[in-house]
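Subject: Structure handover and notes

Dear colleague,

I am passing on the structure we spoke about, and my notes on it follow below the entry. Please read them with the coordinates open beside you.

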Amino acid sequence: MAIECLVLGAGQEVGKSCVVVTINGKRIMFDCGMHMRYKDLRQYPDFSLISDSGEFTSSLSCVIITHFHLDHIGALPYFTQVCGYEGPIYMTYPTKALAPLALEDYRNTFERGGEKAQFTSEHIAECMKKVTAVDLKQTIHVDKDIQIRAYYAGHVLGAAMFYAKVGDASLVYTGDYNMVPDRHLGAAQIDQLQLDLVISESTYATTYRDSKYVQEREFLKAVHKCVTSGGKVLIPSNALGRTQELCLLLDDYWERTNLKVPIYFSSGSTIQANLYHKILINWASQNVKDTHARHNALDFKNVRSFDRSLINAPGPCVLFASPGNLNGGFSLEILKHWAPYKENLVMLPGSCSNGIIGSKLMSAKIPTQIKLDENVKTDVRCQIHKLAFSAHTDGKGIMDLVTFLLPKHVLLVHGEKPKMAALKEKIQSELGIECCYPANNETVTIPSTHHIEAGVSDAFLQSCMAPNFMFWKTNVGSDERTPPILQVHDDRVGQGMLTLQNPRVFTQNELRDVLGVENHQVKFAHCCSAAYDSEVSNAASDWSPSTSQKNSLLQLLFGLVSGDFPDCIMHDCQKGIQVGSFVASLCSREECPSSNADALHFRCTWSVTEEELAWKVISLVKNVKLSREST
Amino acid sequence: MSTSISQTCMSEGRGYYFPPCHILDISGVSVLVDCPMDLSSLTIFSPLPVDSHDINIDNISFSSADSNEENRGNGLVYAEPRYRTVTKLHSWNISFIDVVLITSPIGMLGLPFLTRKKGFTAKVYATKAASRIGQLMMEDLVYMHKEFRQFYGPESDEPIWMKWDRLEMLPLEMKKIVFGADETDFGCWMPLFSAADVKACMLKVESLNYAEEICYNGILIVKPLASGLEIGSCNWRINGPRGSIAYISSSVFRSAIPKNFDYDALQASDVVVYSDFFSLNALEQVGNDEDFSGLANYFSNSSSADVNSEARSALLSTDDYLEEIDKLDFICSCSMDSIKAGGSILIPTGRLGIILQLLERFELHLTSENMKVPIFVISSVAEQLMIFTSIIPEWLGEQCEDRFYSEKPSLFTHTEMLKDGRLHLFPAIHSDELLNIWQEPCIVFCPHWSLRLGPVTHLLRRWRGDQNSLLVIEEGVDANLILLPFKPIAMKVVQCSFLSGMQLQKSLLLLKILQPKHVLFPEIFRRCVDTLAASFSSSFYNENEMLHIPYTEDNSCLHIDMDLARQIKYTKLEEQNVDISRLKGKLMVKHGRYKLCVEHEHP
C-alpha cells in the first residue's frame with residue numbers, strides 16, 4: 001500500500017492550503033483554502049486534478065478543515081456549492097462556528113471593493129450545514145476503513161492537527177500549529193502515533209523565536225505610552241483570532257493598571273466572534289480555563305463596539321478595525337483620519353499578511369505621504385509599531401514535533417521554498433527521516449509499511465506467554481577482581497508455524513489439524529523369542545502350549561522383565577508386555593519359520609526414540625529360560 | 001489467558017438515581033461499571049428538625065440510651081445520616097479491580113467510598129462532562145450533609161440508632177431499608193465521604209471526550225459514546241484482542257439537551273451487556289399474559305435493508321420526546337395555575353437536564369402569560385453548574401447546537417435570564433442577599449430529591465401548609481415515605497416520571513440493528529427474548545451471579561510485523577497445496593492487538 005499526496009495548494013508557498021491524500025483508493029482532502037493574492041479562479045486550488053468530470057462526491061471520501069483561516073477554508077463554499085461536492089466535511093466545533101464569520105467578513109470586504117465574490121452568503125450557510133463538527137481526540141469512523149482524529153494545534157481557536165488512518169497506513173496533517181502556549185491558546189498537543197507520514201506547515205522553517213512574553217510586553221508598552229499621552233491606537237485586524245488574543249492582553253492590562261481608556265471594535269461580526277470565544281473557553285489555554293470559574297477572561301470588561309461618530313471624538317482610545325491588511329474597508333478609512341496626527345499609533349500585523357499599504361507604512365520614514373489609491377494621498381505623522389508575534393511554530397517547534405512523532409516521511413507545505421529546502425536538509429541529516437516539499441499540483445508517492453494479518457490459535461498465544469529465563473554473567477569494567485554480575489532475562493519467544501493461504505499462526509503440535517492429515521509414526525519391529533522349560537508346559541500336550549499355559553509363561557516373563565524394568569506393564573488382552581513405547585506381543589503365527597518348540601514368540605515394536613531401551617529388553621528376553629524355578 | 005468474558009451483576013439498579021452496577025472480566029482485566037450511591041435509603045432519616053415545635057430540644061440527648069425519638073410519631077431516625085453504595089461491592093476485594101468505567105454523573109457518586117479504601121489502584125474513566133457534573137454533585141452532597149454535622153455534633157463510631165434495641169423499634173418498612181431485602185446490608189452503612197475524599201477521588205479520574213479512545217495496559221481499548229440520557233452520560237465500547245463488548249446503559253434516542261444516543265458506534269459487537277433500567281421497569285409492570293408477538297414480527301422478518309431502515313426510523317420516532325415535552329408543559333401549566341393563585345413552586349430534582357429544560361419552558365410560559373415571577377436555583381453548586389453548562393457545545397444535542405450556530409450564539413437561555421434578573425442563583429437559603437430579593441410567589445429548583453437534605457427541607461416546611469403551592473417530585477420514590485416528616489401537607493404534589501431510558505420495544509429493535517453475536521440481559525427479559533427469533537444468542541443475569549460467556553469463535557487476530565514477515569520463507573506442501581513456514585518472534589500486546597515482532601538478541 002502506498003500513500004499518494006497531491007499538493008493542490010501551499011506547495012512551496014503560503015496560501016490556499018490543500019493536499020489530497022490517496023491511500024488504497026480512499027481519498028481525503030486536507031484543507032480547502034484560497035489564495036488571498038489573486039482575485040480570479042487562481043485563488044482556488046485546481047480541483048480538476050481530483051476529477052476531470054467534476055464527480056467530486058464520488059472521488060473524495062471526505063474533506064477535513066484544520067482551522068478557520070481563509071487560506072485553509074476559503075475555497076470550501078466554492079467547492080461545495082459551485083463545484084458540487086456533497087460528501088462529508090469535518091472540522092472542530094470552534095472552526096464550524098467561526099468559519100462562517102471569517103468567510104462572511106472576506107465576502108463583505110471583497111464586495112465593498114465593488115467586486116463580486118465567487119460565493120454568496122447563502123453558499124456559506126448551505127456549505128456549513130454539511131459540516132460535521134468534531135471534538136478533540138474523538139475517533140471518527142468516516143467509513144469502514146477510514147478513521148480520523150483531531151488533536152489540539154494552538155495557532156487559532158479551534159485549530160487542529162488531523163490524524164488519519166486508512167487500513168494500516170496512517171498520517172498526520174498538521175495544518176498551522178504553535179508549539180508554545182500563548183496568552184489565549186495552549187500549545188499543540190498530540191499522542192505518540194505510529195506514522196508513515198507527517199505533512200507539516202513550515203512558515204517559519206528557519207526562524208528561531210524568543211519567548212512571546214517579551215513581544216507582548218513591547219506591544220503593551222507602546223499602546224500604554226500612546227494612550228496616556230492622549231493618542232488613538234489603530235489596530236487593523238480581522239474580526240477573528242488575533243483580535244481576541246490582543247483584546248485579552250489589553251483587557252487584562254487595563255484591569256491591572258486601572259486604565260479607563262475605551263477599547264473599541266469596529267465590526268459587528270467581532271461581537272459575535274467574542275461571544276463564541278467566550279462559550280468556547282474550553283478550547284483556550286490551561287490558564288484561561290483554570291481561571292474561568294472566577295472570571296471568564298474572554299468576557300472583556302473594557303471592550304465595547306465602535307460608532308462612526310467616535311472617529312473624531314476627542315480623547316484617547318484603542319480601536320480594532322478590519323480588514324487586517326488595510327486593503328480597504330473600515331481600517332483604511334480610519335487610517336486616513338488618524339494617520340496625520342503624531343500622537344496616534346498604528347499597530348501593523350505580522351509580515352505575512354501585509355497588503356500593499358501595510359508594507360508601504362512599514363518601510364516608511366515618518367513623516368511622509370502615502371498614496372492610498374490613484375488620487376488620494378494622506379499625510380502620515382503617526383507612530384508605526386510592528387506586531388512581531390506570530391501564532392505559527394518556529395523551526396525548533398517543527399523539529400520538536402517531528403522528533404516526537406518520528407514518522408517514516410515528512411512532507412513540508414505552507415512555507416517559502418529556500419527555507420523549506422534548509423529544513424528538509426536538517427530533518428534528513430539530524431533525524432534520518434525522508435523529507436520532501438513538492439510544488440503545487442505535484443504528486444508524491446510514499447510507501448507505507450504494514451504488517452501481515454493472520455488468525456492465531458490460543459495454543460500459540462499461550463506458548464508465547466510461557467516464561468523463558470536466560471541467565472548470563474557480565475563483567476563490570478576491566479577489573480577482573482570484581483565478580484561478574486548475573487543477569488536474568490525472561491525473553492519469551494513465540495515459535496510456531498504460519499500458512500500463506502488463509503494466513504494462520506499455530507504451534508507445531510497443531511500442524512496436523514491445520515493440514516487435515518493423519519499422524520505418521522516411525523516404528524521399529526523385531527521378532528524374538530523366549531525359551532521355556534518344557535516341564536512348565538505340561539509335556540503331555542502338543543508342543544504348542546495352550547492359551548492358559550501361554551498366560552502363565554507370560555506372567556513368568558513379566559516377573560523377570562519387571563525386575564529390571566520397574567515401569568513394565570502387562571497387557572492381558574493383547575497378550576504382551578510393554579516398557580515405554582516398547583511393546584512385545586505374543587506371536588501366534590504357527591507357520592512362522594522362526595518358530596520352534598519350547599519358545600514363546602514375540603513381535604516387538606518400538607518408536608525411534610527408545611531404541612536403546614528396546615534392545616536391552618530384547619536381549620533380556622532372548623536370554624531367559626522360563627522355568628518354575630525362575631519364579 | 002482467559003478465553004471467555006465473565007460478568008457479575010452487582011446491582012440491577014433502581015431507576016435513574018441508582019443505576020446498575022456490573023463487574024466484567026475481559027481478557028483478565030477486571031472492569032467495574034459504575035459506582036452509584038443508594039440515596040433512596042436516606043429516607044429513614046429525619047430531615048433536620050428546625051422548628052421548635054417540630055422537636056423538643058431537651059429531648060435530644062444522644063448519649064443517653066433512653067430518648068423518646070421514636071415516639072415522635074413518624075418513626076424516622078433522628079441522627080446524622082449514613083450512606084450506602086452498592087452493597088454487594090463490599091464482598092469484593094477492591095484491589096482486584098483494574099478499571100472503573102462511569103456511565104453518568106449519578107453513576108459515580110459512590111466513587112469516593114471506593115477510592116478512599118486502601119488497596120484501590122484501578123484506573124477510573126469517565127467523560128469530561130460527567131466527571132465535572134459528578135464532582136459538583138458530590139461536593140453539594142458534602143455541603144448539605146455538613147448541616148447535620150453542625151446540628152448533631154461529631155458522630156461516634158457506633159451511633160445510637162444502630163444499636164440493636166433501637167433497630168428493633170423501627171417500623172417494618174424502615175427496617176427493610178436498614179437491613180436490605182435479604183437482611184445482609186446492615187454492615188454497609190457508612191459515614192459520608194469528606195470534601196478531601198472527593199478531591200482525592202477526582203484526581204484518580206481520567207476524563208475523556210466522547211468517542212475518545214483510551215488504551216488500558218495495551219490490552220483493552222475503551223471508548224465512551226453518547227447515550228443521550230444526561231449531559232456527559234455514555235455507553236462504553238470495549239475492544240480487546242479477542243473481540244468487542246458494548247455496555248449499553250440507559251439511553252435516550254432523542255433527547256432535548258444532551259447529545260443524542262450514538263448507537264451506530266456500537267454496531268457489530270461480539271457481546272452486548274444490556275443494562276437499561278428503564279425498560280426493566282417497564283417489564284416489571286407488564287402482566288404475565290403480555291403478548292410479545294408484535295416484537296417477534298420484527299425479528300422474524302429477514303434482516304433485509306428495508307426492514308433495517310424501517311427499524312431505524314422507528315427508533316428515531318419522536319413519540320417519547322413529544323411525550324416528555326408534554327409532561328414538562330403539564331408541570332409548567334400546573335405551576336402557572338398555582339402562581340396565579342398566589343402559590344410558589346418547589347422542584348427538588350437532581351436531574352440537570354430536567355432543570356435546564358424546565359428553565360426554558362418556564363421562560364416561555366411566563367412570557368406568554370406576561371407574568372414576572374422570579375426563578376431561583378438554590379444549591380451550593382448552582383453557579384458552577386450554570387457556568388459549566390454555558391461552555392459545553394460539544395456535549396449538547398441538536399437543539400442547543402442550532403442555537404450555538406445562530407446569529408446570537410448561546411447554548412441556553414439561562415445565561416440571558418441571569419443577566420436580566422429573571423433567574424437567580426444562590427448557594428444557600430440563608431444568605432442576606434437572597435432574603436433581600438426574595439419574593440413570593442416564586443419558582444425554586446433545589447436539592448435534594450430525597451427531601452431529607454438541603455434547601456428543599458426548609459422551603460417545604462414553609463410552604464407545606466399552603467394549598468396553592470406546588471411540589472414536583474419524581475416517580476420511583478415512595479411518595480408516602482419521603483413526605484412523611486412534612487405531614488400534614490396541604491400543598492399540591494405532582495409526581496412525574498421523566499424519560500430515562502429506552503422503551504422495551506425500541507431496545508429490542510436496537511439490538512436487531514446492532515447485530516451483536518451475544519447479548520446479556522437481566523433475568524426478567526428471558527420471557528420476552530425467548531419468544532423472539534433473534535439472530536444473536538443470549539444469556540440472562542441475576543444479581544450476584546457470575547456468568548461466563550465464551551467467545552463465539554476463535555477469532556483472535558495477530559499482526560506480524562513487516563520486519564519479521566520479510567524473513568519468512570515458505571515451503572510448499574504439494575499434497576495439501578499449502579505454503580507453510582516456521583515462525584519465531586516476540587509477542588507483544590499493543591493497543592488491544594497481538595503483534596509478533598522480530599526478537600532482539602541479547603549480547
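I begin with a hairpin in chain B, which is formed by β7(B) and β8(B) with three residues between them, and in whose turn N217(B) has a positive phi of about 55°. Strands here are DSSP runs of E of at least two residues, and helices are runs of H or I of at least four residues, both numbered from the N terminus.

The model is predicted, so local features need pLDDT of at least 70 and side-chain atom pairs count only at pLDDT 80 or more, whereas totals for chains, interfaces and linings use all residues. Residues are numbered from 1 along each chain as its sequence is written, chains are lettered from A and ligands numbered from 1 in the order in which they are written, and side-chain values use heavy atoms, with hydrogens and water left out.

Seven of the seven residues of β8(B) (residues 220-226) are buried, so the strand is largely enclosed by the rest of the structure; buried means under 20% relative accessible area with a 1.4 Å probe, protein chains only. In a regular strand the side chains alternate between the two faces of the sheet. In β8(B) both faces are covered, with L220(B), V222(B), P224(B) and A226(B) buried on one side and I221(B), K223(B) and L225(B) buried on the other.

Turning to the interface, the contact (heavy atoms within 4.5 Å) takes 57 residues from chain A and 56 residues from chain B. The two chains bury about 4,900 Å² between them, 57% of it on carbon and sulfur atoms, this being the accessible area (1.4 Å probe) lost on being put together, summed over both. Of the area that chain A buries against chain B, Y93(A), I279(A) and L498(A) supply 13%, more than any other three residues.

Two salt bridges are counted between chain A and chain B, a salt bridge being a side-chain nitrogen of Lys or Arg within 4 Å of a carboxyl oxygen of Asp or Glu. R242(B) forms one with D458(A), the closest N and O atoms being 3.0 Å apart. Strand pairing also crosses between the chains, since six bridges join β26(A) to the antiparallel β23(B) (residues 578-590), with G496(A) partnered by L583(B).

Best regards

Note on methods. Buried means under 20% relative accessible area, exposed over 50%, partly exposed in between (1.4 Å probe, protein chains only). Two strands pair if DSSP finds at least two bridges between them.
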